[in-house]
Amino acid sequence: MRFAIPPAILLTLLRSPHTSAFSLRKVSASAFVARATAAPFASSSASSSSSSLAFTPPSSNSVVSSSSRPSSSLNMADKERPFTTWTFDKHCETMDWTPEPTASLSAVDASASATVAELQDADLVIVGVFAPVKDDDEEEDDAKDEEKEVDPIAFAGKAKELDEALGGALTDLAAENGKEFQNGGEAGSATPVMRVMEDGKTKRYLLLGLGPQPKDDKPIESTTLMKAAAAIATACHEQKKVASCNILLPTTIASNPSNVQDISTAFYSNLYSDNRYRTGKKVVKMAESLESVKLFMEAGMASSDDLAASITTGKQIAKGVSLTKDIVNAPHNVLNSMSLADTAKRIAEQSGGSITCTILDKKDCEERGMGAYLGVARGSETEPQFIHLTYKPSGGDIKKKVGIIGKGLLFDTGGYNIKTSMMELMKFDCGGAAAVLGAARAVGDMQPEGVEAHFIVAACEVSVTEGHFQQMARFIAPLIRFNVSLNPNAVACRKSQNMISGRAVVPSDVLTASNGKTIEVLNTDAEGRLTLADALVYADKEIGCESIIELSTLTGACMISLGKKICGVWTDDDDLAKSLEEVSKVTGDKSWRMPLAKEYNELLKSKIADISNLGGPYGGAITAALFLQNFVSKKKPFAHLDIAGPVWDDKTGATGFGSKLVSEWVRRQGQ
């Protein structure tokens, strides 16, 4: 019996405690074809132990000659490659970016000269409505009586004029969908589309829920606006051949430019579709026909210049979110330390001179004593790339110098402590780096005054490699009783990133960080904090940042605590915690402050070094944060953000989480 052994079984055998008793003859990895012929079972242990697994190259008749191939050419040189990637002998050097949406977004004062006819002059017309204000007793009664009839919606202002022009059709639309739509009580909800024939042309109308009317003149929440903008983008996509869309919004939104910025950010972000690795009919273009979207504002609209600036800022932030998604979505055969460094260089090139890029190579890192980072990077296919982007405003005084650090593990197998689940998702282990670089792109476009920002990523990778190939081979010996043929193409072992190789760090190694602190590596899958250690020292000591925040997909423990929608924040500085909380609420990147129990430092003690890289079986997210504190001055405001949960959505992929939070936090530091 002959069969090919898939990589999953090989890795299972590799982890078997019984395999050390077996050995194989040393052979070239390029000729890894094994054949074991079943021998008669011997009665004695001696004859049984004499069995061996012989390795032989494939026979000549098993090789397909060029003359026997089909006549049609499969040479990719004759075709356009769908995306940039590696060749067999060379790593990928660049990562493609998703193009920006081309649709324009603008604001129009509906209370002035704009007529109902102008509002109707679009393929799709959307009317935003707030649900009527209810007192607490009414809300309690509604919750008890789900069958209660919904009161007819009462339009006002331009919406009332439009409804009258349509013969009350909007009122009927709301009434027919009353129980589901609830007069717009849920932000982002929408009625079905109503089609109306006007002058021989079909126009489409729908009502968009904006949630409950804010009470006591309170500002509308950013998350409400983002849900509404997402629904607008979805409607423009689902309604085919929509080239123009007009949206009527009430006074509460029109009076505040920041509201329009939130709409702009969410609208453009929700037009994102990653088609870089799709071909033909698999390509999905969001709102492909859309050319223009106009926001018609009711009375009380802010100045046209302020609204235009807000729309531009929102689009710039969305560009940062798009890049963040691109980086996290990118497969490992595209994204490595070199292609990520190229992305950083392109951010600087497109910043109009506001951002400069410095890349520290292996020699530069060795000179700085970055032993913790380099210990992890030794298992990578590509050379380490320590990325440092510096933003400086064009003029004015610099009020604050801040550092933003992102974990840049571009693929994490766990190293010798190899992962047993979620391996296919470990490309998102660069989520912190993605958020930081996405924010750098946005900051370079926005160019906030008064702040100098340093965006830092210690990029490397962690895989199963050919250096470990012979070790894997010996675990196949238990299959001695079968006639086994191993297809060399079925065992693809590549040197890439937290990975296994003859050079990779192993459990029990002791590394020395650039601040001189020694670290015992108890687990190679707790590698991200090692790279962050040297990045923190660099931001603190060499750059002299006055305040530092760090983002990383660091622990599964944080995901267990907070789920997949909220990131954890660990800091001893109350002012920094407050500023991050405020920014979190404004941007919709949800966070929650977590405890820093100092008594848990006991769990990080090492028998032979200053500190170990792993705590106990419980409180792993806390001990990870405590570990990082060893590499920043105790007098300096520092916060660790564990974004392992919200960085990835199982249905849609990368979420872009963190980019908005960082860019807004940086902007506020200069105020």
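# Notebook: spaces, strands and single residues

**Entry 1. The largest cavity.** I began with helix H11, which gives the most to the lining of the largest cavity, with six residues. I note here that the model is a predicted one. How much volume does the largest cavity have? I find about 130 Å³. It is lined by 16 residues, and those closest to its centre are Pro101, Tyr268, Ala318, Lys319 and Ser322.

**Entry 2. The largest pocket.** Next I turned to the largest pocket, which holds about 1,400 Å³ of space. Its lining has 36 residues, and Asn270, Lys325, Lys565, Thr652 and Thr655 are the closest to the centre. Which elements supply at least two residues each of this lining? I list helix H8 (222-238), helix H10 (257-269), helix H11 (304-329) and strand E22 (648-649). H8 gives the most, with five residues. By class I get 13 nonpolar, 11 polar and 12 charged residues in the pocket lining. A reminder to myself on method: rolling a probe the size of a water molecule over the atoms shows where empty space is left.

**Entry 3. Ser269.** I then looked up Ser269, which lies in helix H10. Is Ser269 buried or exposed? Its relative accessibility is 13%, so Ser269 counts as buried. I set aside its neighbours within four places in sequence and looked for contacts. Ser269 touches Ala318, Val321 and Lys325. Two of these names were already in my notes: Ala318 is among the residues closest to the centre of the largest cavity, and Lys325 is among those closest to the centre of the largest pocket.

**Entry 4. Strand E4.** How many residues of strand E4 (residues 124-131) are buried? Eight of the eight are, so E4 is largely enclosed by the rest of the structure. I checked both faces. On one side Leu124, Ile126, Gly128 and Phe130 are buried, and on the other Val125, Val127, Val129 and Ala131 are buried too. Then I followed the pairing. E4 pairs with strand E6 (residues 201-212) in the parallel sense, over seven bridges. Val127 has Leu207 in E6 as its bridge partner. E4 also runs parallel to E7, and four bridges join them. There, Ile126 stands opposite Ile247 in E7.

**Entry 5. A three-strand sheet.** I found an open sheet of three strands, in the order E15-E16-E20, with mixed pairing. Which strands are at the edges? They are strand E15 (510-512) and strand E20 (611-612), and each pairs on one side only. E15 and strand E16 (residues 518-520) run antiparallel and are joined by three bridges. Thr512 has Thr518 in E16 as its bridge partner. For background, strands of a sheet pair through backbone hydrogen bonds, either parallel or antiparallel.

**Entry 6. Cysteines.** How many disulfides are there? I count zero. I looked at Cys558 in particular: the nearest cysteine sulfur belongs to Cys567 and is 7.2 Å away. A disulfide needs two cysteine sulfur atoms within 2.5 Å, so Cys558 is in no disulfide. Cys558 has 1% relative accessibility and counts as buried. Cys545 is buried as well, with a relative accessible area of 0%.

**Entry 7. Thr571.** Thr571 is found in strand E18 (residues 567-571). It is buried, with a relative accessible area of 3%. I compared its place in sequence with its place in space. Thr571 and Phe638 are 67 residues apart in sequence, and their C-alpha atoms are 6.1 Å apart. Leaving out neighbours within four places in sequence, Thr571 is in contact with Leu576, Ala577, Arg593, Leu596, Phe638 and Ala639.

**Entry 8. Two positive phi values.** Most residues other than glycine have a negative phi. Lys241 has a phi near 60°. Where is Lys241 found? It is in the loop between H8 and strand E7 (244-249). Lys241 is exposed, with a relative accessible area of 70%. Gln447 has a positive phi of about 50° although it is not a glycine. Its place is in the loop between helix H15 (431-446) and strand E12 (451-460). At 30% relative accessibility, Gln447 counts as partly exposed.

Definitions and conventions: Residues numbered from 1 in each chain as written. Predicted model: local features only at pLDDT ≥ 70, side-chain atom pairs only at ≥ 80, totals over all residues. Heavy atoms only, no water. 1 Å grid on protein atoms, 1.4 Å probe; cavity = no way out; pocket = protein on both sides within 12 Å on 5 of 7 lines; lining within 4 Å. Points joined across faces, edges and corners; volume = space filled by probe spheres on them. Nonpolar A, V, L, I, M, F, W, Y, C, P; charged D, E, K, R; others polar. Pairing = 2+ DSSP bridges. Buried < 20%, exposed > 50% of the residue type's maximum accessible area, 1.4 Å probe, protein only. Contact = heavy atoms within 4.5 Å.
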